[in-house]
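Please look through the sequence and the structure shown here before reading on.

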Amino acid sequence: MILSRDYKEINNVYDFYEGIISDITWDSSFTDFIITVYYFWDEPRGLKNKDVMIRFKKTSGLNYSCAGMLESMKKHNIDSPHPEIDSITINKDESGIRVEISSNYDFPMISLLCEEIWIESADE
């Protein structure tokens, strides 16, 4: 179920800080990049302790770095890391929407360019 199609609501209505990235995938057409986040906060109502998907529509220029996470896994003997979102930075220009997602392991962990950002409930 689509909760929002307004990228401005990220960091204003939706607070993904410390949300655990539980899945990273592409849609079936390989144009939409999707990050599933375990959402901790009470607002908006009804999302606490649920998976919320951030869909980056028509993604291009994707960069993904997990070097810090892999280094930490080796150093601390971690089998299953749980990357937590530290920040999501969004800037819109004539090229589209530029996004940087930083985690407790990597800054930035993900950077991309997309045309739209949708927030969706993973339950429905």
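What follows describes the overall build, then the helix, then one proline.

## Basis of the report

This is a predicted model, in which local features need pLDDT of at least 70 and side-chain atom pairs count only at pLDDT 80 or more, while totals for chains, interfaces and linings use all residues. Residues are numbered from 1 along each chain as its sequence is written, and side-chain values use heavy atoms, with hydrogens and water left out.

## Overall build

The protein has one helix and nine strands, where helices (H or I, at least four residues) and strands (E, at least two) are DSSP runs numbered from the N terminus. Read from the N terminus, the order of the elements is β-β-β-β-β-α-β-β-β-β. The radius of gyration is 14 Å, close to the 14 Å that the globule rule gives for 124 residues, so the protein is as compact as a globular protein of that length; the radius is taken over C-alpha atoms, and the rule is 2.2 Å times the number of residues to the power 0.38. Along its principal axes, the C-alpha trace spans about 40 × 35 × 30 Å.

Of the 124 residues, 41% count as buried, a term that means under 20% relative accessible area, with exposed meaning over 50% and partly exposed in between (1.4 Å probe, protein chains only). Among the contacts (heavy atoms within 4.5 Å) with a separation of 6 or more, 54% come from residues 24 or more positions apart.

## The helix α1

Which residues of α1 are buried? They are G68, M69 and S72. Seen down the axis of α1, its buried residues fall within an arc of 100°, so they line one face of the helix; the arc is that of the directions from the helix axis to the C-beta atoms.

These buried residues pack against β5 (60–64), whereas the face of α1 turned away from its buried side carries the exposed residues E71 and K74. Just after α1, N77 takes a positive phi of about 55°.

## The surroundings of P83

P83 is placed in the loop between α1 (67–76) and β6 (85–93), and with a relative accessibility of 7% P83 counts as buried. Leaving aside residues up to four places away in sequence, P83 touches G19, I20, I21, M69, S103, N104, Y105 and M109. One of these, M69, is also among the buried residues of α1.

P83 and S111 are 28 residues apart along the chain, and their C-alpha atoms are separated by 15 Å.
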